[in-house]
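Hello,

Please find the structure we talked about below.

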Amino acid sequence: MKTCLNIAMVTPWPPQNTGIADYAFELAESLSLDGNTIHIITEVENPKKLDNITFITPEEFSKKFDGYDNIIYHLGNNSSFHIYQIYLLKLTGGIVHLHDLVLHYLMAW
């Protein structure tokens with residue numbers, strides 16, 4: 001018997017011009033095709049749509065983040081794409097997928 005998960009992904013998202021956004025898009029698509037429920041938390045105002053994917057603003061997510069089997073953060077070093085994630089991570093905890101081995105630029109900002 002297959003178990004489907006309720007997953008929140010805090011991530012950059014297309015049309016943001018970053019490889020992490022492209023990676024997250026493909027991962028979310030694959031996970032949703034396996035029957036998982038995927039909620040994307042992103043700052044993008046007009047996110048690229050994907051069937052069976054729900055978008056939530058960081059503000060909404062910070063008020064109601066319980067009930068997920070996993071919260072996954074796609075974190076890189078560009079503060080333009082990731083700084084809001086630090087605050088949410090402190091609030092919710094979760095799994096951090098580091099896309100850069102050095103986060104100096106993110107933290108120095």
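Glu29 sits in helix α1, a run of residues 19–33. Helices here are DSSP runs of H or I with at least four residues, strands are runs of E with at least two, and both are numbered from the N terminus. This is a predicted model, in which local features need pLDDT of at least 70 and side-chain atom pairs count only at pLDDT 80 or more, while totals for chains, interfaces and linings use all residues. Residues are numbered from 1 along each chain as its sequence is written, and side-chain values use heavy atoms, with hydrogens and water left out.

Glu29 has a relative accessible area of 34%, so it counts as partly exposed; buried means under 20%, exposed over 50%, and partly exposed in between (1.4 Å probe, protein chains only). Glu29 is 24 residues from Ile53 in sequence, with 8.1 Å between their C-alpha atoms.

Asp22 is also in helix α1 and is partly exposed, at 42%. Asp22, Glu26, Glu29 and Asp51 form a negative surface patch. Such a patch joins like charges within 9 Å, using residues with over 30% relative accessible area and no salt bridge (a side-chain nitrogen of Lys or Arg within 4 Å of a carboxyl oxygen of Asp or Glu).

Thr42 is in the loop between β2 (37–41) and β3 (53–56). Thr42 is buried because its relative accessibility is 5%. Its side chain lies 3.1 Å from the backbone oxygen of Thr11, and a polar atom of that side chain is 3.4 Å from the backbone nitrogen of Val44.

Regards

Key
Patches are made of residues with over 30% relative accessible area and no salt bridge: like charges are joined within 9 Å, nonpolar side chains (Val, Leu, Ile, Met, Phe, Trp, Tyr) within 5 Å. Accessible areas come from the Shrake-Rupley method with a 1.4 Å probe; for residues, only the protein chains shown count as cover. Lys and Arg count as positive and Asp and Glu as negative; His and the chain ends are not counted. The place of a charge is taken as NZ of Lys, CZ of Arg, CG of Asp or CD of Glu. A polar contact is a pair of N or O atoms within 3.5 Å; within protein, one must be able to donate a hydrogen and the other to accept it, and residues adjacent in sequence count only if both atoms are side-chain atoms.
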